[in-house]
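Trainee: Please take one part of this model and go through it closely. I would like to hear about the salt bridges.

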Amino acid sequence: MDARLDRIKAAFNALDTDSNGYLEADDFDRLAHRVARALDVPEGSAKAQAFHAGCRRYWEGLAGALDENHDGKLTYEEYARFHEPTGYEVNVRPYADALTAICDRDDDGYVQHADFVRGMRAVGFPEENVEALFRAFDPYGTGQVSAGEWRTAIEDYFLARGVHAVGDTLV
Ligand SMILES: [Ca+2]
Ligand SMILES: [Ca+2]
Ligand SMILES: [Ca+2]
C-alpha cells in the first residue's frame with residue numbers, strides 16, 4: 001500500500017462532509033459549523049470565524065489549483081494532485097492554525113483529550129483512528145497534546161514527508 005495515497009484518500013473522505021464523492025464549497029462550510037458546534041464554540045466568536053475563514057481559504061486554494069474542468073467541484077482524481085508545499089503555506093496553514101486554536105479552548109498551548117477527539121471527529125476522522133493519533137502524540141498519558149506539535153503533524157501529513165508521518169495512524 002502507498003501510505004501517501006492512503007493519506008490523501010482519508011483526507012478527501014474527511015473533507016467530503018456530505019459524502020457525495022465531490023468536494024464543493026458547501027462541504028467546507030459544513031465542516032466549519034460542525035467543528036465549532038462540536039467544541040461548543042459560538043459561531044460569532046473570533047476563533048469560529050477564523051476557522052470558517054480558514055476552511056473557505058482551504059477550499060478556494062484547492063479549487064483554484066485543482067479544479068481542472070472548472071465545474072466548482074473536485075473529484076478524488078482532481079484532489080489527489082494536491083501536494084505542493086507552496087499550496088500548503090498559502091491554503092492549508094491558515095486552516096491548520098485555526099483548527100488547533102479552536103480546539104485549544106483556554107489558549108494555554110495544549111489541547112485536552114476530549115477537545116482533540118471532538119475536533120477531529122467533527123473534522124471527519126473515525127474515533128478509533130483519532131484515539132490512536134492522540135496516543136501517538138501523548139505516549140505518557142498526560143491527557144493533553146501540544147497545539148504546536150499537532151500543527152507540525154498536520155503539516156507532515158499534508159506534505160506527506162515519508163511513510164512515518166504520525167498522521168498515518170488516521171488511515
Ligand atoms: Ca461533498
Ligand atoms: Ca472539477
Ligand atoms: Ca488548552
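Mentor: Asp-97 and Arg-151 form a salt bridge, and their closest N and O atoms lie 3.8 Å apart. The model is a predicted one, and that applies to every value here. This pair links distant parts of the chain: Asp-97 belongs to helix α5 (residues 85–103), Arg-151 belongs to helix α8 (residues 147–159), and 54 residues separate the two. How accessible are the partners? Asp-97 has a relative accessible area of 32% and is partly exposed. Arg-151, at 33% relative accessibility, also counts as partly exposed.

In general, side chains of opposite charge can pair when their charged atoms come close.

The side chain of Arg-30 meets that of Asp-18 in a salt bridge, at 3.3 Å from N to O. Here too the pair links distant parts of the chain, with Arg-30 in helix α2 (residues 25–38) and Asp-18 in the loop between α1 (3–15) and α2, twelve residues apart. The side chain of Arg-30 also meets that of Asp-27 in a salt bridge, at 2.9 Å from N to O. Why are Arg-30 and Asp-27 separated by about one helical turn? Because they are three residues apart in helix α2.

Arg-30 is partly exposed, at 34% relative accessibility. Asp-18 is partly exposed as well, at 35%. Asp-27 has 0% relative accessibility and therefore counts as buried.

The calcium ion (ligand 3) is coordinated by Asp-104 (OD), Asp-106 (OD), Asp-108 (OD) and Tyr-110 (O), at 2.2 to 2.4 Å. Along the chain, these donors follow the spacing D-x1-D-x1-D-x1-Y. Asp-104 is buried, with a relative accessible area of 6%, whereas Tyr-110 is partly exposed, with 37%.

Terms used:
Residues numbered from 1 in each chain as written. Chains lettered and ligands numbered in written order. Predicted model: local features only at pLDDT ≥ 70, side-chain atom pairs only at ≥ 80, totals over all residues. Heavy atoms only, no water. Donors = N, O, S within 2.8 Å, 3.2 Å for Na, K, Ca; no water. Buried < 20%, exposed > 50% of the residue type's maximum accessible area, 1.4 Å probe, protein only. Salt bridge = Lys/Arg side-chain N within 4 Å of Asp/Glu carboxyl O. Helix = DSSP H or I, 4+ residues; strand = E, 2+ residues; numbered from the N terminus.
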